[in-house]
Amino acid sequence: MKKKHRKTMLRKSLPLYVLLLPSAILLLVFAYVPLYGLVMAFQNYSPALGVFRSPFVGFQNFIQYFNSYQFGITLRNTLYISVYSLVVNTPLPVALAIMGNQMRREGFKKTFQVISYLPHFISTMVMCGMVLIFLSPQTGLVANLFHLFGAKLPDLMSDSGAFAHVYVWSDVWQNLGWNSIIYIAALSGIDPTYYEAATMDGATTWEKIRNIDLPMLMPTIMILLIMSVGNLLNVGFEKVLLLQNPLNLAGSEIISTYVYKIGLQNFQYSLSTAIGLFNTVINIILLLGVNWISKKTTDTGLF
């Protein structure tokens with residue numbers, strides 16, 4: 001009887017599986033088939049010999065990276081920029097969503113939301129060009145504002161210590177409004193009777209935010225936080241590379257830019273694959289760890 005029921009359900013769901021098939025094929029071809037290339041991390045890969053004939057060297061590529069002077073620099077910079085970005089970009093979209101939710105004039109509210117979303121649609125190349133122009137110590141917009149008050153803007157793009165601040169806060173400017181969309185959607189799903197009951201009990205606006213909005217947003221916040229931690233070491237490669245220069249290299253060289261230089265510029269394919277695999281394994285461990293902690297503390301998790 002169960003077997004007949006399964007066949008019936010499969011027959012009914014067949015059109016859905018057919019619709020799913022193109023996406024499944026694309027996922028298989030572009031996400032899973034290339035995984036065989038990870039074997040290069042354990043080889044002294046030669047394009048002439050190919051993946052299957054290149055000599056096997058075990059963990060030699062990993063040891064080479066761990067013993068190199070770039071290991072500490074790239075890992076420190078990657079963690080610093082990633083954690084800094086996570087700390088800033090987790091609460092600010094929540095605050096913006098709550099602030100937008102408190103606006104009562106619909107026209108002003110929609111205008112505010114559109115203005116906050118617009119920078120997200122600026123390409124990374126254009127955004128980096130704007131950052132470089134704005135922060136130019138001679139002709140930049142910020143430099144001219146400093147001149148009005150008799151001050152001089154330091155050359156931030158030549159300061160390795162300032163690179164993380166430039167990266168994170170320019171990212172906030174570009175993506176803050178867009179990142180708040182999911183929180184706005186979660187707030188719109190809250191039952192209005194909660195607010196009505198709180199108003200009848202004499203609750204202030206802040207008390208409503210603290211006792212209704214934040215607890216209702218917490219599952220969404222935790223899910224997005226877990227996903228962000230799972231990509232903790234995947235700092236935006238394009239943006240870092242475009243803002244990078246020889247003067248700020250000590251603070252801007254991260255794992256992904258180092259992999260690019262080692263693999264595509266210096267043709268050390270095995271070493272770059274090993275570094276990329278190390279990066280991925282750390283991300284997986286962080287994802288599983290934070291998901292486990294979240295499940296234990298808030299009963300919320302990805303799986």
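Begin by selecting helix α14 (residues 255-265) and helix α15 (residues 269-298), whose axes, lines fitted to C-alpha atoms over the stretch in contact, come within 8 Å and cross at roughly 165°. Because angles over 145 degrees between N-to-C directions count as roughly antiparallel, α14 is roughly antiparallel to α15. This is a predicted model, in which local features need pLDDT of at least 70 and side-chain atom pairs count only at pLDDT 80 or more. Residues are numbered from 1 along each chain, and side-chain values use heavy atoms, without hydrogens or water.

Next, show the residues in contact (heavy atoms within 4.5 Å): α14 contributes I255, Y258, V259, I262 and G263, while α15 contributes Y269, L271, S272, I275, G276 and N279. By class, this contact of α14 with α15 has 7 nonpolar, 4 polar and no charged residues.

Now select F66 and F278, which form an aromatic pair (ring centres within 6.5 Å) with 5.4 Å from centre to centre and 75° between the planes, an edge-to-face arrangement (planes over 60 degrees apart). This pair links distant parts of the chain, since F66 lies in helix α2 (residues 60-67) and F278 in helix α15, 212 residues apart.

Terms used:
Axes fitted to C-alpha atoms, helices over the stretch in contact; angles between N-to-C directions. Helix = DSSP H or I, 4+ residues; strand = E, 2+ residues; numbered from the N terminus. Parallel < 35°, antiparallel > 145°, perpendicular 65-115°, else oblique. Nonpolar A, V, L, I, M, F, W, Y, C, P; charged D, E, K, R; others polar. Phe/Tyr/Trp six-rings, centres within 6.5 Å; stacked < 30°, edge-to-face > 60°.
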